[in-house]
Amino acid sequence: CTISFPFTQSAVASYRTMKVAAHDVMGGALRQQHDEWTMRALQSDTTNDDDQVDLEDSQVLRNSVIIYGGALVFIVILFSFLRRRFPAVYNVRGKHGPKELHTHLADEKYKLFNWMWKVFGTVTDDELMEESGLDAACFVRILSLGYRLSLVGIFTSMFLLPVYITAEDSGETISVTDRIEKTTIAHVPAGSPRLFATVFAAYIIFGSTMYLIVKEFEWYIEMRHKFLRRPVARNFSVFVRNVPHDFQSNPALESFFKECFNESDVLEARVPLKIPGLTKAVAQREATMANLEHALASWQQNGVRPRHRPIDLAKGLKSEVDSIDTYTKLMEEQNEDVSSRITDLEKIADGHRKQTVPADEPMKEEEIVPESTSDDDDDQKSTQSYLSSIVSAVSLFRGTSSAGNSPSVTGEHVDENKTEHPSSTSEGKIVSIEEEAVLEEVDESSTLVRKSSFVGKARHSASRAASKASHKVSHVASSATKKVGHVASSATSAAAAVASKAASLVKAAEDGQAFPSGFVVFKKLSTANAAMQMIHHETPFSMETFEAPDPREIFWFNIGREHKDLQVGRLISFALSAGLCFLWTIPMSFFASLSNAEAVRQDIDFLDDLFDKYPSLVPVLEQAAPFLVVVFNALLPMILEYISMFEGPFSSGAVEASLFVKLAAFMIIQTFFVSAISGSVIQAISDIIDDWTEIIDLLANSLPSQGTYFMQIVLVSTVTSAGMELLRVVAIVMAALRSCIGPRLTEKERSKAYMGLRPLSDPKEFEHADFTSQLVLYFMVLFVYCTISPMTPIITGFCFLLMGSMFRYQFTHIYAAHPDSGGKLWSNFIQIILTCMLIAQITIFGLLGLKKAVKQLPLYIPLLCITILFNLYVRQMHFKVAERLPTRECLKADLNRDPSFDFSSLVGAYTQPPLKAEKDLKPDPVLVESEAVDDVSDLHSMSVTAANYQSIARSKVESV
């Protein structure tokens, strides 16, 4: 089955296959243009049914400039007013935004419109790197490079435009009548000496590109080395992959590198563990804390203690309970569970004991309590105290003693003088001052109460004694004794729950298995750089070392993947990417063919009938088809990011780098190669396979006449991104939905994302891979059309300048500095640009061949050779020098480091987040204090009377 999609049949008309659609924000101008085309279509249909509606290049470009230029002016004016009226929306990193995002660069005072040019002079590259990250500085530097190259292109257009426009007519150029098309090389006859100007312009533009790339390397190496000299954890650390089994513990891995280097140079080593159980427990605890704080906030605002009905998967809804008491009790249980898990896993990571019991094998009684060692004395005492408290709670509930001659589980007697303060209930409730005054007396006699056989009798005696003093004292004493009973009951249930959790933790064999990887932190930059460049093991691929990412950017779920798994993953990723690139050609070609009415009529019958019936659809499709391409391409980043995860990246920076390469390849292949195919997609690919040089003819035939189309693509992409970025349309819509969906009682709740919906104070990370891949298209258009269509540099220069101003403002006022890969995308971008230069030069070479430039080709060939040699030269050492900090620079940084530098800030930097979780998590103190104040307020009148009868209450309680 052969799938064929029609394309234009001549080079002159091929660019008319795609014309860029106007964005919805330009609705008025689009409707006016649509009405004009509709009238032309109707007139054409009434005069001659065979005539088709077609627009010349000059009309298309004029309409595009009017529509998108007008839209851009509207966007800039609107933003200039809105940013001053709503600083919380358009200046998130200023004083109106979160403190953690604040930067002094956002405090700069701009007038209404001068922000567009003042951002260039007031923000230096060093400041931008310090406050917004090296990735941001590299991105705006790429825009600056594009602007400077466009200026070079504008210089060459000063002599190319007169040369092309004044070319004499010939038989092959007589059909070139459009004013815009006359400014291109298509107006130059074959074999004309005017093609010397094309060759001369190519030397200027590509020579300038190579010169500027060398200069950009000087800038990048300087900035990259500044970044690598920073005293942060990532610069002092290395990531080790495929660690042998003998070194899969913190002490073993640390000892290995201490043997490789000076012992004093190694700070610590961290081997990640498989901790699904702890991760789940921490997540459940965070959910419980969110519910507890929400309940406390609700009580604070409404004055009514919230209640809810718990859900039991087996029994359904339970009876209604007090939300605050329930979540407080659950938090205590989960705190104990998380604390026990973390303590146990820390022992495993430190190599004190190994977990060997399978998940389904019951633990032996003697294995419940770990064997005591010299290193574990404190842990043994803590375990014995914990088990003794459980026995005491059970004894209190049953009315039997756990003291005296009753042995504890650990073989020791329980100290009967040690009692828990009554105010520390298992529910964690705040006890009022008046209740504590009475409970203190109960505490003094708690030992006698524990020795009593029946707790109820003690409660009754206390209540009766207090009643004899006065009615109010009876109320206070009754409340106190109820608290004692509640403590006993709650302690019993809590003990049972904690014991169950502890048993399940001991049996959880999954938690604690070491990953074959780790992070090693050094005390010197020179040692860390040496470790990254050495071979550490005789087995291939064992102990591979890489630059450590920022701890906040680590993908912990990919840390444990081994070499074989990674190789298979990379193969799958490559196969999926290649297959997607081939299949993506089908919809792209279909959208391209839709924009040409003549081709569609010839190959698709039902569309021919549709256009005859509704001629007004012709201009709509001509404008909508390129816009469909843009929208459809918006799905690419999500699909390719999913494919990149097969490669096992261990950080978000690695994903961005892989995603960028894939997106850039798609931009080049889909934009240039696919649009150059004439006829059937399958047939064209077959021709290229038979003779790879066929692709040169395809590019040379089709691309010269598509200059207007690519200028439109660059313009619409710039205006669309400007509208979305400056006005923050997507962010505002998501924030509006977030204000209506999810918990939002407190400021803490409102500042958190919920189900992917972010508030305005929490901007999404800048998508460097997506935006940088778009710039690859801009540079490709500039390289190819700078000499073919001299008006192109004017459009690209304006777009680069506008984006440079816009993104400088966004980086300093909206986007946070993290994640930051350290400018690694810049290296990938330059490598892609070097390839784009060769593709563009080969395309121009093929075009000169079609133009029969026999005299010019010998002069052009040296440029190809120079570019190839330049590629080889740059790829030898420039990227390596930029990737690592030289030894001399490392030693200087180590020697000049402040002696007071605190290395403790680096300790634990690469500990897994669940293992760093707080063991005893407490709710927001503001909410807890509010709860305590409410309790005191409710009992204020009672406290005065209770104070008058304290002496009577004390004597009565003592008698009990």
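**Notes on the predicted model**

1. Strand β2 pairs with strand β9 (residues 517-522) through four bridges, and the two run antiparallel. Two strands count as paired if DSSP finds at least two bridges between them; strands are DSSP runs of E with at least two residues, helices are runs of H or I with at least four, and both are numbered from the N terminus. Within this pairing, V266 lies opposite F522 of β9.

2. A word on the basis: this is a predicted model, where local features need pLDDT of at least 70 and side-chain atom pairs count only at pLDDT 80 or more, while totals for chains, interfaces and linings use all residues. Residues are numbered from 1 along each chain as its sequence is written, and side-chain values use heavy atoms, leaving out hydrogens and water.

3. Is β2 (residues 266-270) largely enclosed or open? Strand β2 is largely enclosed by the rest of the structure, because four of its five residues are buried (under 20% relative accessible area; exposed is over 50%, partly exposed in between; 1.4 Å probe, protein chains only).

4. On cysteines, the disulfide count is zero, taking a disulfide as a pair of cysteine sulfur atoms within 2.5 Å. C260 is partly exposed at 38% relative accessible area, whereas C581 is buried at 13%.

5. Please also look at helix α27 (residues 729-738), which supplies four residues, the largest share, of a nonpolar patch. L737 is found in this helix and is partly exposed, with 43% relative accessibility.
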